[in-house]
Amino acid sequence: MPYFKDEEEVYAYIGRLFQDLAKDDELWPRFRRANTIVQYQFRNPESQITVRMRENEEAQVDLGTTDMDPEVLMTMEADTAHKFWLGSVNVTVALARGQMKAKGPVAKILKLVPLVKPVFPRYKKMLEDAGREDLMKAA
């Protein structure tokens with residue numbers, strides 16, 4: 001059974017994490033160095049999050065449909081994304097095993113991977129604050 005019951009839960013947690021990051025004056029400038037638009041397409045439940053992280057452009061996070069044209073497309077189970085933000089998924093291994101699939105200039109995404117470690121505790125705290133300890137047992 002998937003961790004998230006519907007797309008609204010995906011947006012409430014993973015989507016909100018991206019929205020909060022886009023407002024972070026310390027971390028967001030590092031993410032913008034990727035200079036791209038990434039779309040995360042999730043299965044079980046079906047959902048998508050599109051994130052503009054371009055230099056000299058305003059951050060934008062769209063939950064669901066979007067007018068943005070993504071340069072990088074990442075597809076995976078919503079559970080895999082959740083486990084990633086808990087710090088228990090290695091992107092390189094997940095890509096090699098087919099648990100994550102990437103289209104576009106993957107080097108841009110791999111550039112971001114070292115930057116996400118400080119985000120893991122933030123995701124865990126968000127789940128704790130929401131009373132979702134059940135989701136913390138996923139890792």
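Helices (H or I, at least four residues) and strands (E, at least two) are DSSP runs, numbered from the N terminus. This is a predicted model, in which local features need pLDDT of at least 70, side-chain atom pairs count only at pLDDT 80 or more, and totals for chains, interfaces and linings use all residues. Residues are numbered from 1 along each chain as its sequence is written, and side-chain values use heavy atoms, with hydrogens and water left out.

**Exercise 1. Find where P45 lies and state the form of the peptide bond from N44 to P45.**

Solution. 
- Step 1: P45 belongs to the loop between β1 and β2 (47-53).
- Step 2: Omega of the bond from N44 to P45 is near 0°, and the bond is cis.
- Step 3: Most residues other than glycine have a negative phi, and most peptide bonds are trans.
- Step 4: N35, in the loop between α2 (28-32) and β1, has a phi near 50°, a positive value in a residue other than glycine.

**Exercise 2. Describe how helix α3 and helix α6 pack.**

Solution. 
- Step 1: Helix α3 covers residues 78-85 and helix α6 residues 119-129; their axes are 8 Å apart, at an angle of about 110°. Axes are lines fitted to C-alpha atoms, for helices over the stretch in contact, and angles run from 0 to 180 degrees between N-to-C directions.
- Step 2: α3 and α6 are therefore roughly perpendicular to each other (65 to 115 degrees).
- Step 3: From α3, H82, F84 and W85 make the contact; from α6, V119, F120, Y123 and L127 do. Contact means heavy atoms within 4.5 Å.

**Exercise 3. Describe the largest cavity and its lining.**

Solution. 
- Step 1: A cavity is a set of points on a 1 Å grid over the protein atoms alone where a 1.4 Å probe fits but cannot get out; lining residues have an atom within 4 Å of a point.
- Step 2: The whole structure holds one cavity of 30 Å³ or more, and the largest cavity has a volume of about 220 Å³, the space filled by probe spheres set on the points.
- Step 3: The lining has 16 residues, with Y40, F84, W85, I109 and V116 nearest the centre.
- Step 4: α3 gives the largest share of the lining, three residues.

Definitions and conventions:
Angles under 35 degrees count as roughly parallel, over 145 as roughly antiparallel, 65 to 115 as roughly perpendicular and the rest as oblique. On a 1 Å grid over the protein atoms alone, a cavity is a set of points where a 1.4 Å probe fits but cannot get out, and a pocket is an open set with protein on both sides within 12 Å along at least five of seven lines; lining residues have an atom within 4 Å of a point.
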